[in-house]
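Subject: The structure we talked about

Hi there,

Here is the structure I promised to pass on to you.

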Amino acid sequence: MDIQEIHSILLEKFGAAAVGNAPVAATDPWITVDADSIVDVSTFLRDDERMQFDHLNDLCGCDYFEPDPKKADKFGHDPHIEVVYQLSSITLKHRLKLKVMGPRWKNDEQGQLPEFPSVSGVWGIADWHEREAYDLVGIYFQNHPNLRRILCPEDWVGHALRKDYDFPLEYHGVRGR
Amino acid sequence: MSMQVEDPRVVEFDVQTDEMLVNMGPQHPSTHGVLRLLLRTDGEIVHECTPHIGYLHRCAEKIGENLAAPQWIPYTDRMDYLAAMNMNLGFALAIEKMVGMEVNEKAMHLRVFIAELGRVASHLVAMGTYGLDLGTFSPFLYAFREREIILDFFEEICGARLTYSYITIGGATHDLPEEIEIPDGLSALLKIKKGGRKPFFEVVEMFLQWLEKRIVEYHTLLTRNAIFIKRTADIGILTREIAISYGCTGPVLRGSGVDYDLRRDGEAIYTRMYKDYDFEIPVAPFEDAPRDAVVGDCWSRFYVRMMEVVQAIRLVRQSIPKYQAAEGTHREPFKFNTKLPKDEVYLETEAPRGQMGFYVVGNGNAEPLRCRAKSSCFCNLSITDKICRGVPLADVPAVVGSLDVVMGEIDR
């Protein structure tokens with residue numbers, strides 16, 4: 001099933017507020033899903049007979065931000081955070097990409113992690129992928145069973161894949177930079 | 001307060017010991033690198049197994065945001081360092097998909113040749129180290145003896161033995177050699193004179209013929225070994241549903257009875273490489289499995305890998321005449337400072353350990369905005385807790401070893 005058909009089914013079921021008016025064209029087109037609907041949309045995509053997206057290939061966060069004010073004009077994106085879901089179906093052998101967008105900081109307060117709903121109840125692997133996104137990109141996933149850092153040590157400060165991340169000068173006496 | 005026990009036999013089954021936390025790793029030899037497992041055990045039985053990862057974390061993704069795409073290829077080598085060629089291929093294909101480049105026939109068959117030879121080398125290590133996990137040392141030595149010769153070939157081809165950076169955007173860095181010196185290891189094994197020179201593909205064929213006979217011996221040594229079967233069959237059972245939900249891929253998924261391989265079911269840019277090839281995809285259950293083996297157990301996962309070696313040898317054989325007949329160059333130019341378009345691609349390829357994905361976001365610069373590597377072992381490892389519950393402590397290395405994880409790829 002191609003993305004147009006999938007989108008029209010989703011549009012009928014969830015409305016334009018949840019899944020947008022049309023898929024976004026690109027080499028891999030995607031559907032932008034509203035953060036509040038992502039769990040419902042995911043569950044539907046997994047369980048529906050026509051979709052059967054039982055496999056979450058990848059879930060990752062992406063920080064759109066240009067820290068250098070001189071280059072900010074050419075950057076071409078408003079500062080925001082994206083969570084990207086790559087789905088595929090083992091039985092029907094089709095693929096789909098979803099995106100959820102949100103602010104870089106909760107209520108635009110520096111240091112307050114943005115919140116997104118967790119899909120770890122839909123696909124088991126989302127548990128670890130979301131922990132990684134929390135660890136490296138700094139996204140707080142609501143209702144996640146065990147949101148701890150996974151790759152960095154528990155006492156690490158900051159989230160390395162943020163564009164404005166400051167590399168630490170030292171960590172427990174080990175010199176950085 | 002004393003308790004009166006009426007029937008002493010009841011006590012036998014009711015007895016409970018205190019739960020104990022056992023730390024295994026990160027320097028434990030059977031954890032394949034630096035994996036730390038925190039086990040909650042009741043006597044011998046594991047109640048919970050929590051993997052702690054990140055000891056090899058280098059944040060390759062952040063490094064990728066500061067490098068041009070061709071510069072990041074050496075970093076992909078260091079992810080799955082036992083199958084570096086397949087890692088190179090995954091990333092090169094992702095960038096080719098992004099810039100809309102299609103490599104020519106010659107480079108395509110060259111890549112199949114290299115990737116499948118890499119798969120053989122990787123699965124040989126998987127077999128050897130799995131034997132090591134279960135306490136038998138000799139398969140490990142045999143596996144490394146064979147792998148050594150493949151590494152000798154790779155050294156002749158690109159100069160490196162472990163981190164090749166050979167397959168690159170647009171093809172491969174060098175063409176295959178016409179003629180090579182027969183590797184010392186191979187001449188010793190075949191009992192021929194040292195130092196002779198022969199055409200490259202002839203030497204490869206000599207090696208493949210030799211390897212094919214050895215695989216039968218490995219089956220006698222390990223796969224059909226009564227002790228090996230006792231230690232692996234019906235242990236660490238991963239059901240089909242959990243395997244799919246937890247994103248398991250590669251031999252782990254196929255060992256659970258799911259017929260899915262990206263070389264056949266993947267995206268067009270990848271499957272086009274394997275279009276004219278004739279190969280089978282081994283999937284559990286197997287007709288010749290021992291009586292105790294069930295779908296999704298450690299034995300099935302191991303056997304899928306062994307069967308894949310046979311198929312990979314077939315693919316290497318088929319690729320040689322195709323490569324020789326193909327026209328064109330082994331590498332199409334891709335400038336080092338090529339600006340990536342404002343676009344984003346995700347591409348997964350079938351690496352020996354599962355589906356390795358690369359997600360690249362371009363923003364008009366040579367350096368990508370986001371360079372994400374989705375690791376197959378990362379997903380495969382996440383089910384450790386599910387399949388380790390209820391097994392005796394001594395079986396934990398058998399279960400974790402059957403997943404065949406490489407920490408370099410998990411931690412990136």
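Below is what I found in it, going from the whole chain down to single residues.

Please keep in mind that this is a predicted model.

**Chain B as a whole**

Let's begin with the overall build. Chain B contains 18 helices and 10 strands. Along the principal axes, its C-alpha atoms fill a box of roughly 85 × 55 × 35 Å. How does the radius of gyration of chain B agree with that of a compact globule? For 412 residues such a globule would have a value near 22 Å, and chain B has 23 Å, so the two agree. Of the 412 residues in chain B, 51% are buried. Among the contacts in chain B with a separation of 6 or more, 70% are between residues 24 or more positions apart.

Which residues does Met85(B) contact, leaving aside its neighbours within four places in sequence? They are Ile114(B), Ala115(B), Gly118(B), Tyr164(B), Tyr166(B) and Ile167(B).

Helix α3 of chain B (residues 69–77) is mostly covered, with 7 of its 9 residues buried. Trp72(B), Ile73(B) and Tyr75(B) are among the buried ones, and so is Asp77(B). The buried residues of α3(B) pack against α2, α4, β4 (167–168) and β10 of chain B.

**A sheet of three strands**

Next, look for an open sheet in chain B, where 3 strands follow the order β8-β9-β10 with antiparallel pairing. β8 and β10 of chain B stand at the edges with a single partner strand each, so each has one side without a neighbour in the sheet. From one strand to the next, the twist averages 15 degrees. β9(B) and β10(B) are joined in the antiparallel sense by 5 bridges. To find your way there, look for Gly357(B), which stands opposite Lys374(B) in β10(B). Helix α4(B) packs on this sheet and touches β8 and β9 of chain B, and its direction makes about 150 degrees with that of β8(B).

Asp42(B) has Ile45(B) in β3(B) as its bridge partner. The hairpin of β2(B) and β3(B) has 2 residues between the strands, and Gly43(B) in this hairpin takes a positive phi near 65 degrees.

**Where chain B touches chain A**

How many residues does each chain bring to the contact? Chain B brings 34 residues and chain A brings 25 residues. On the chain B side, the elements that each supply at least two residues include α4 (84–99), β8 (344–351), β9 (354–361) and β10 (370–374). That side of chain B divides into 14 nonpolar, 8 polar and 12 charged residues.

**A few backbone details**

Most residues other than glycine have a negative phi, and most peptide bonds are trans. With that in mind, here are some spots to check. The peptide bond from Ala284(B) to Pro285(B) is cis, with omega near 0 degrees. Pro285(B) is found in the loop between α13 (268–271) and α14 (298–325) of chain B.

Lys93(A) is not a glycine, yet it has a positive phi of about 60 degrees. This residue lies in the loop between β3 (80–88) and β4 (95–102) of chain A. Is Lys93(A) buried or exposed? Lys93(A) has 12 other C-beta atoms within 10 Å, so it is exposed.

Lys191(B) also has a positive phi, of about 55 degrees, although it is not a glycine. You will find Lys191(B) in the loop between α7 (184–190) and β7 (197–199) of chain B. Lys191(B) is exposed, with 6 other C-beta atoms within 10 Å.

Best wishes

Notes
Residues numbered from 1 in each chain as written. Chains lettered and ligands numbered in written order. Predicted model: local features only at pLDDT ≥ 70, side-chain atom pairs only at ≥ 80, totals over all residues. Contact = placed C-beta atoms within 7 Å. Helix = DSSP H or I, 4+ residues; strand = E, 2+ residues; numbered from the N terminus. Nonpolar A, V, L, I, M, F, W, Y, C, P; charged D, E, K, R; others polar. Rg over C-alpha atoms; globule rule 2.2 N^0.38 Å. Buried ≥ 20, exposed ≤ 12 C-beta atoms within 10 Å, placed from the backbone. Pairing = 2+ DSSP bridges. Axes fitted to C-alpha atoms, helices over the stretch in contact; angles between N-to-C directions.
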